[in-house]
Amino acid sequence: MSIVTFYAWNVMYIKLIQPKMHRSVMDTDLKARMSPPLGLYTIANMFRGVHRISVENENVREVDFDDKLDIVGILINVDSINRAQEIASNPCLFDV
């Protein structure tokens, strides 16, 4: 029995979020869009075919908080720490 078959009855919806970065004077829109969240894509690839995965980059478009999620992953770095904390404290993510 394959892993996909074994977990087919227990598919989770996982959303991985890259928060909008805080731009300094030297940063441009191009920098924000050209910095793909490779860590999030690596995690998404690990669960591909087993769970439903969504990777959202807030530098490109707004994050949809209306989804009913099982797991949320947030990429945190120096440029986006404040926004990551705002996203993590969003009550929509904890709708049980």
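The model is predicted: local features need pLDDT of at least 70, side-chain atom pairs count only at pLDDT 80 or more, and totals for chains, interfaces and linings use all residues. Residues are numbered from 1 along each chain as its sequence is written, and side-chain values use heavy atoms, with hydrogens and water left out.

Select Gly73. This residue lies in strand β3, residues 71–74 (strands are DSSP runs of E, at least two residues, and helices are runs of H or I, at least four residues, numbered from the N terminus). Gly73 is buried, at 17% relative accessible area (buried means under 20%, exposed over 50%, partly exposed in between, with a 1.4 Å probe and protein chains only).

Next, show Lys15, Leu16 and Ile17. Gly73 touches these three, leaving aside residues up to four places away in sequence (contact means heavy atoms within 4.5 Å).

Now select strand β1, residues 13–18, together with β3. The two pair in the parallel sense over 4 bridges (pairing requires at least two DSSP bridges). Within this pair, Lys15 stands opposite Val72.

Then look at helix α3, residues 38–46. Helix α3 packs on the sheet and touches β1 and β2, with its direction at about 170° to that of β1 (axes are lines fitted to C-alpha atoms, for helices over the stretch in contact, and angles run from 0 to 180 degrees between N-to-C directions).

Finally, display the whole sheet. Its 3 strands form an open sheet in the order β2-β1-β3, with parallel pairing. Strands β2 (52–57) and β3 are at the edges with a single partner strand each, so one side of each has no neighbour in the sheet. From one strand to the next, the twist averages 15°.
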